Amino acid sequence: MAKCSKRGSSSELAVKIVKNEPNYTRQGILEIKILKELEKRPDTASENHIVTMIDHFMFRNHVCIVFEVLHWSLLDLLDRFKCKGLCLSMIQNIISQILLGISQLKALRIIHCDLKPENVLFKE
């Protein structure tokens, strides 16, 4: 991911740059199709805990996907607390949001195949 800003704007964006290799390119294109499908559904807006794709483009044969900026991952949070654990209310809130997002994917018959702490991100 690269943190960027749009020319003439102060808003920050995150750009995911996919490796220029056939398998990664196919996965990147599939990810864009899935994110476009999620965009079409009003019930999968950001309040349902799924990242928002803003745009996508090709650059030097790399698939690039533009997202809203998210600041912390679950892994960052666990590192910050030195893996001593989180309070029960925080765990309940995080799990609740993850389950809401997964239930939206289930409704579209999509399986998230890479759910891990560094892929669970939080807004600031």
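Author: A pocket here is an open set of grid points with protein on both sides within 12 Å along at least five of seven lines, and its lining residues have an atom within 4 Å of a point. Please keep in mind that this is a predicted model.

Reader: Which residues lie nearest the centre of the largest pocket, and how many residues line it?

Author: The largest pocket has a volume of about 1600 Å³. Its lining is made up of 43 residues, and those that lie nearest its centre are Glu31, Val51, His112, Asn119 and Leu121.

Reader: Which element gives the most to the lining of the largest pocket?

Author: Two or more lining residues come from each of strand S1 (2-5), strand S2 (12-17), helix H1 (22-40), strand S4 (62-68), helix H3 (88-107) and strand S6 (121-122). The element that gives the most, with 8 residues, is H1.

Reader: How do the residues of that lining divide into nonpolar, polar and charged?

Author: In this count Tyr and Cys are placed with the nonpolar residues, while Gly is placed with the polar ones. On that basis, the lining of the largest pocket divides into 26 nonpolar, 9 polar and 8 charged residues.

Reader: What lines the second largest pocket, and which element supplies the largest share of that lining?

Author: The second largest pocket holds about 200 Å³ of space, and its lining consists of Cys4, Ser5, Lys6, Leu13, Val15, Ile54, Asp55, Phe57 and Val66. By class, these are 6 nonpolar, 1 polar and 2 charged residues. At least two lining residues come from each of S1, S2 and strand S3 (53-59), and the largest share, 3 residues, comes from S3.

Reader: In what order do the elements of the protein chain run?

Author: The protein chain has 3 helices and 6 strands. Read from the N terminus on, the order of these elements is β-β-α-β-β-β-α-α-β.

Reader: Among contacts between residues at least 6 apart in sequence, what percentage join residues at least 24 apart?

Author: The C-alpha atoms of the protein chain fill a box of roughly 45 × 30 × 30 Å along the principal axes. A contact requires heavy atoms within 4.5 Å. Among such contacts between residues at least 6 apart in sequence, the share that joins residues at least 24 apart is 57%.

Reader: What percentage of the residues of the protein chain count as buried?

Author: The accessible surface of the protein chain comes to about 9100 Å², and 56% of that area belongs to carbon and sulfur atoms. A residue is called buried when its relative accessible area is under 20%. Of the 124 residues in the chain, the part that counts as buried is 26%.

Reader: Where are Arg60 and Asn61 found?

Author: Arg60 has a positive phi of about 50° although it is not a glycine, and Asn61, likewise a residue other than glycine, has a positive phi near 65°. Arg60 is exposed, with a relative accessible area of 68%, and Asn61 is exposed as well, at 52%. The place of Arg60, and also that of Asn61, is the loop between S3 and S4.

Reader: Which residues do salt bridges with shared partners join into one network?

Author: The structure holds 4 salt bridges, among them one between Asp114 and Lys116 at 3.4 Å, N to O, and one between Lys116 and Glu118 at 4.0 Å, N to O. Relative accessibility is 38% for Asp114, 32% for Lys116 and 36% for Glu118, values that count as partly exposed. The residues joined into one network by these shared partners are Asp114, Lys116 and Glu118.

How values were computed:
Residues are numbered from 1 along each chain as its sequence is written. This is a predicted model: local features need pLDDT of at least 70, side-chain atom pairs count only at pLDDT 80 or more; totals for chains, interfaces and linings use all residues. Side-chain values use heavy atoms; hydrogens and water are left out. On a 1 Å grid over the protein atoms alone, a cavity is a set of points where a 1.4 Å probe fits but cannot get out, and a pocket is an open set with protein on both sides within 12 Å along at least five of seven lines; lining residues have an atom within 4 Å of a point. Grid points are joined across faces, edges and corners, and a volume is the space filled by probe spheres set on the points. Helices (H or I, at least four residues) and strands (E, at least two) are DSSP runs, numbered from the N terminus. Buried means under 20% relative accessible area, exposed over 50%, partly exposed in between (1.4 Å probe, protein chains only). Accessible areas come from the Shrake-Rupley method with a 1.4 Å probe; for residues, only the protein chains shown count as cover. A salt bridge is a side-chain nitrogen of Lys or Arg within 4 Å of a carboxyl oxygen of Asp or Glu.
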